[in-house]
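Hi everyone, thanks for coming. Let me put the structure up on the screen, and then we can walk through it together.

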Amino acid sequence: MPARGHSKNLVGVLLSGRGSNLVAILDRIAAGELEASVVLVIGNEPSADGVQAARSRGVPTLVVDHRQSPSREAHDREMAVALEAAGARLICLAGYMRLLSPWFVERFAGRVMNIHPSLLPSFPGREAQRQAIEAGVRISGCTVHFVDERADSGPIILQEAVPVLDGDTPETLGARILEKEHVLYSRAIALYFSGRLRVEGHRVLGTS
Ligand code: GRF
């Protein structure tokens, strides 16, 4: 367990790529600003940089390549066994580019979060930053939400606004949104472990 880790607020992270949100979470924990421990990082892509980043910080990692599984649920069951063995209480999707099976969502009901680079429910799915620019919105941002069976659709926990500027490309807007993501995800994790959040219908109460 990392030196600054927390013995009860145990987090598992699923990712597919770069892993900058994971690194931001690990940095906050190391700085003593987030009372949590990342007990396992699972990548579904063997080449995911995020898995390497976790490894180099001494965080346990696992690659569960979805292409080796007979079905989505079989893949998710393999991840679930590892997450439960590691004691993860909260599961954070951090650039995890696959839909979770209904089995997984039910197994970890209310315990899975995702971060998305738009103000949901606007612009779910891929290329959210491009969607925002093409739609002409003046304000986009990022959202941390609980995960349900559909992509980017569960109850919203926190959002942060980011202006869309005249000269923005998906890359420049995405970079400004990412800065906010790196702060927002840790805030949502801290709120979760504070025990104050409660879900009523599609609303999450206890954040304000
Ligand atoms: C982030 O923009 C996140 O909102 C989205 O995927 C991206 C992951 O980036 N779900 P990273 O791998 O954390 O750098």
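**A walk through the model**

Let's start at one spot: S186 is buried, with a relative accessible area of 4%. Buried here means under 20% relative accessible area, exposed means over 50%, and partly exposed lies in between, with a 1.4 Å probe and protein chains only. Before going further, please keep in mind that this is a predicted model, where local features need pLDDT of at least 70, side-chain atom pairs count only at pLDDT 80 or more, and totals for chains, interfaces and linings use all residues. Residues are numbered from 1 along each chain as its sequence is written, and side-chain values use heavy atoms, with hydrogens and water left out.

Back to S186, then. You will find S186 in helix 6, residues 170-194. Helices (H or I, at least four residues) and strands (E, at least two) are DSSP runs, numbered from the N terminus. And what does S186 touch, leaving aside its neighbours within four places in sequence? The partners are A24, I25, R28 and L34, where contact means heavy atoms within 4.5 Å.

Now let's zoom out to the domains. The domain assignment gives domain 1 as 1-108 and domain 2 as 114-208; such bounds come from an automatic or database domain assignment. Taken over C-alpha atoms, the two domain centres are 20 Å apart. Domain 1 brings 21 residues to the contact, and domain 2 brings 18 residues.

How much area is buried between domain 1 and domain 2? About 1700 Å², and carbon and sulfur atoms give 68% of that area. Buried area is the accessible area (1.4 Å probe) that two parts lose on being put together, summed over both. On the domain 1 side, N21, L90 and L93 lose the most area to domain 2, together 27% of what that side buries.

Which elements of domain 1 give two or more residues to the side that touches domain 2? They are strand 1 (10-15), helix 1 (20-30), strand 4 (90-93) and helix 4 (102-107). Helix 1 gives the largest share, with five residues. By type, the residues on this side of domain 1 are 15 nonpolar, three polar and three charged.

Leaving aside neighbours within four places in sequence, L90 is in contact with L10, V11, G12, R111, M113, I189, Y192 and F193. By contrast, L90 and A132 are 30 Å apart, C-alpha to C-alpha, and 42 residues apart in sequence.

Next, N9, in the segment before strand 1. N9 is buried too, with a relative accessible area of 8%. Not counting residues up to four places away in sequence, N9 touches E35, A36, S37, R89 and F193. A polar atom of the N9 side chain lies 2.7 Å from the backbone oxygen of E35.

Finally, the charged pairs. Side chains of opposite charge can pair when their charged atoms come close. A salt bridge here is a side-chain nitrogen of Lys or Arg within 4 Å of a carboxyl oxygen of Asp or Glu. How many salt bridges does this rule give? The count is 11, with zero between domain 1 and domain 2.

Let me show you a few of them. R28 is partly exposed at 28% relative accessible area, whereas E33 is exposed at 55%.

R187 and E160 also meet in a salt bridge, at 3.8 Å from N to O. This pair links distant parts of the chain, 27 residues apart, with R187 in helix 6 and E160 in strand 7 (residues 156-163). R187 is partly exposed at 42%, and E160 is partly exposed at 25%.

Then E200 pairs with R198, with the closest N and O atoms 3.3 Å apart.

Conventions
Ala, Val, Leu, Ile, Met, Phe, Trp, Tyr, Cys and Pro count as nonpolar, Asp, Glu, Lys and Arg as charged, and the others, Gly among them, as polar. A polar contact is a pair of N or O atoms within 3.5 Å; within protein, one must be able to donate a hydrogen and the other to accept it, and residues adjacent in sequence count only if both atoms are side-chain atoms.
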